[in-house]
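Subject: Structure handover

Hi,

Here is the structure I promised to pass on.

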Amino acid sequence: MTNTPTAGPIRVEVSADGALRRIFLSAPKANVLDAKMIEALTTTFQEARTDRNLKAVIVEGEGPHFSFGASVEEHLPGAVDSMLPGFHAMFRAMLECGVFLVAAVRGQCLGGGLELASFCHRVFAAPDAKLGQPEIALGVFAPVASLVLPMRVGQPSADDLCATGRVIGAEAALSMGLVDEVDDDPANAALAWAEKRLLPKSASSLRIALQAVRGPFHRTFLAELDRVEKLYLDDLMQTKDAREGLASFLEKRKPAWSNS
């Protein structure tokens, strides 16, 4: 096993003769997905695309939590116009890297953190994991979750998570299909699963199989991502309540909604 130095607050371990990479969100305890971390993750996924020996990537958080989500400060007017396209570029890189993606979740997995985890092909969670898309409580919405969750958990459950912002436990997430397995040590469970199920396979065959099985979703995701990004920047961020919700969170007060 080797450690690969990367720019930004992530750490990468390469093992199994290059067939496996473990990406650690390395800014505990919150592991906030700020611009610096997003850029580092995007670069790492772009590099994975050209690594012909790579078969699987496991994403996990260092410390007690997976991620509290994206930076709220970077959602404010003046910052969000560059932050959101950069965040979405990370998911395009994840899609284009073409290898099997696995998430190992402990503790809080919220907002952009859950978008990152749920975009992976398989999600392992600890029994005490807490998962949710609480963006609506800040007067905003989760563009990637709006596209990914209907595919992963079905439209009614996606509507529930995105419109209520409620946070659920690991067992509820398992029942819903938001996570695939619950284990006391999700990182080791994800590693064991990848070693048994993926590493014995051909890397080139795995990539082509993923293109086949995920092709319809990938085409829809790429087409719709531009739409929801525009909806967020051009419509949502012009409302008073989006700005009020973000400001109230940072000021640690209850939002005063104007419904406009």
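The largest cavity holds about 40 Å³ of space. A cavity here is a set of points on a 1 Å grid over the protein atoms alone where a 1.4 Å probe fits but cannot get out, and its volume is the space filled by probe spheres set on the points, which are joined across faces, edges and corners. The whole structure has one cavity of 30 Å³ or more.

This is a predicted model, with local features needing pLDDT of at least 70 and side-chain atom pairs pLDDT 80 or more, while totals for chains, interfaces and linings use all residues. Numbering starts from 1 along each chain as its sequence is written, and side-chain values use heavy atoms, without hydrogens or water.

Which residues line the largest cavity? They are Glu60, Gly61, Phe66, Ala104, Val105, Arg106, Pro186 and Ala187 (lining means an atom within 4 Å of a point).

Now the helices. The axes of H1 (residues 35-49) and H2 (residues 80-97) come within 8 Å and cross at roughly 20°, with axes being lines fitted to C-alpha atoms over the stretch in contact and angles running from 0 to 180 degrees between N-to-C directions. That makes H1 roughly parallel to H2 (angles under 35 degrees).

Cheers

Definitions and conventions
1 Å grid on protein atoms, 1.4 Å probe; cavity = no way out; pocket = protein on both sides within 12 Å on 5 of 7 lines; lining within 4 Å. Helix = DSSP H or I, 4+ residues; strand = E, 2+ residues; numbered from the N terminus. Parallel < 35°, antiparallel > 145°, perpendicular 65-115°, else oblique.
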